[in-house]
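Me: I am new to this structure and would like a friendly walk through it. Could we take it one question at a time?

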Amino acid sequence: MVTLALDKVGARYGRATVFEDITTAPMHGGELTALIGPNAAGKSTLFKRIASLLSGPGTVVVEEVREGRRPICYMPQDTGANAVLTVYESILLAAKQGGGWRVADHELSEIDSILKALRISDLAFRDLGALSGGQRQLVAIAQALVRKPEVLLMDEPTSALDLFRQIEVLEFMASIAKSEGMAVLIALHDLNHALRYCSQTMVINGGRLIASGPTREVITPELLRDVYRVDARIEPCSQGRLQVIVDGALG
Ligand SMILES: Nc1ncnc2c1ncn2[C@@H]1O[C@H](COP(=O)(O)OP(=O)(O)OP(=O)(O)O)[C@@H](O)[C@H]1O
């Protein structure tokens, strides 16, 4: 199974250091790991650094990549749609990126099943530019999955989705990560999603990795106070799942 680990990784824009010296234990295929932290903490920058879209000190170590799989795929936060393509064409293009142009039957059926799993088959022949923000986000998830990455970096993948779709997509991601042995790192602002779907959580703030490990151990009232400056409790909902209840902002 694939593993992703960071060894003294840093990133900066010009002279401004965003973070430095981030070292993690290996993240394993099959699991969802939440990446959390306040606005401007450096979550997107860390993803770009891991995906080698930014250079910087330290080493990103990806091991046990299977034949025919891409090591890393990054799904950005803003998924613009300037191209004059249908949804289906854009997903096919993503699948063929960096490879030959011959299309095998099994590739078409894989696209069909991803569209079906995300419940967007009805969008297949719509123009990308004519989709709503949430529909575009679902198409971007399909484009990422069809690339068959070992490590998938998803930058706030549910930010444009309604409540039902958020749950549906995160449940689907947890199940596909497990069945495909994919390591999925998801930047999230909704900490309840991290508590519910991500077995591991990493927290960055102030240019440092300040906590990482099992989500239930990492997301605590102390962390919420220190990092997010809110007074909050973590309590089970009616179905026994832990959730964050925010009582107020700290002055
Ligand atoms: N292209 C860039 N050039 C210069 N500075 C940048 C650039 N992109 C981001 N930054 C800065 O780097 C810091 C980290 O930004 P980043 O987008 O990684 O944060 P984030 O944790 O993803 O934030 P958010 O939760 O608001 O999306 C911020 O101070 C931001 O202003």
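Predicted model: local features only at pLDDT ≥ 70, side-chain atom pairs only at ≥ 80, totals over all residues.

Me: How is the chain divided into domains, and how far apart do their C-alpha centres lie?

Reply: Let us begin with the overall layout. Domain 1 is made of two stretches, 1–71 + 149–213, while domain 2 covers 82–146.

Me: Which helix gives the largest share of the side of domain 1 that touches domain 2?

Reply: Where the two domains meet, nine residues of domain 1 are in contact with eight residues of domain 2. On the domain 1 side, the residues divide into seven nonpolar, no polar and two charged. The largest share of that side, four residues, belongs to residues 163–180, which is helix α5.

Me: What is the strand order of the open sheet of six strands, and which strands are its edges?

Reply: This sheet has mixed pairing, and its order is β7-β8-β9-β5-β10-β11. From one strand to the next, the twist averages 15°. An edge strand pairs on one side only, and that describes β7 (70–75) and β11 (208–214).

Me: Within that sheet, which residue of β10 is the bridge partner of L35?

Reply: Strand β5 spans residues 32–36 and strand β10 spans residues 200–205. The two run parallel and are joined by four bridges. Looking across from L35 into β10, the bridge partner is M202.

Me: In the open sheet of three strands, why is one side of β4 and of β6 left without a neighbour?

Reply: The order here is β4-β1-β6, with antiparallel pairing. β4 (27–28) and β6 (59–63) stand at the edges and each has a single partner strand, so one side of each has no neighbour in the sheet. The reason, then, is that each has just a single partner strand.

Me: Which residue of β6 stands opposite D7?

Reply: Strand β1, residues 3–7, pairs with β6 in the antiparallel sense. Five bridges hold that pairing. Across from D7, the residue in β6 is T59.

Me: Which helix supplies the largest share of the shell around the ligand?

Reply: The residues around the ligand are Y13, V18, G37, N39, A40, A41, G42, K43, S44 and T45. By type, the shell divides into four nonpolar, five polar and one charged. Its largest share, three residues, comes from residues 43–50, which is helix α1.

Me: Is α1 largely enclosed or largely in the open?

Reply: The buried residues of α1 are K43, L46, F47, K48, R49 and I50. After the helix comes S52, with a positive phi near 65°. Since six of the eight residues of α1 are buried, the rest of the structure leaves this helix largely enclosed.

Me: And β13: is this strand largely enclosed or largely in the open?

Reply: β13 is joined to β12 by seven bridges, and the two run antiparallel. They form a hairpin with five residues between them, where G240 in the turn has a positive phi of about 85°. The number of buried residues among the eight of β13 is zero, so this strand lies largely in the open.

Me: Is L242 buried, partly exposed or exposed?

Reply: L242 lies in strand β13, and P236 stands opposite L242. Apart from residues up to four places away in sequence, L242 touches L195, R216, I234 and P236. A residue counts as buried at 20 or more other C-beta atoms within 10 Å and as exposed at 12 or fewer. L242 has 15, so the label is partly exposed.

Me: How far apart are the C-alpha atoms of D231 and G251?

Reply: D231 belongs to strand β12, residues 230–236. Leaving aside neighbours within four places in sequence, D231 is in contact with R225, D247, G248 and L250. G251 is 20 residues from D231 along the chain, and their C-alpha atoms are separated by 10.0 Å.

Methods: Residues numbered from 1 in each chain as written. Pairing = 2+ DSSP bridges. Axes fitted to C-alpha atoms, helices over the stretch in contact; angles between N-to-C directions. Near = placed C-beta within 6 Å. Nonpolar A, V, L, I, M, F, W, Y, C, P; charged D, E, K, R; others polar. Domains from an automatic or database assignment. Contact = placed C-beta atoms within 7 Å.
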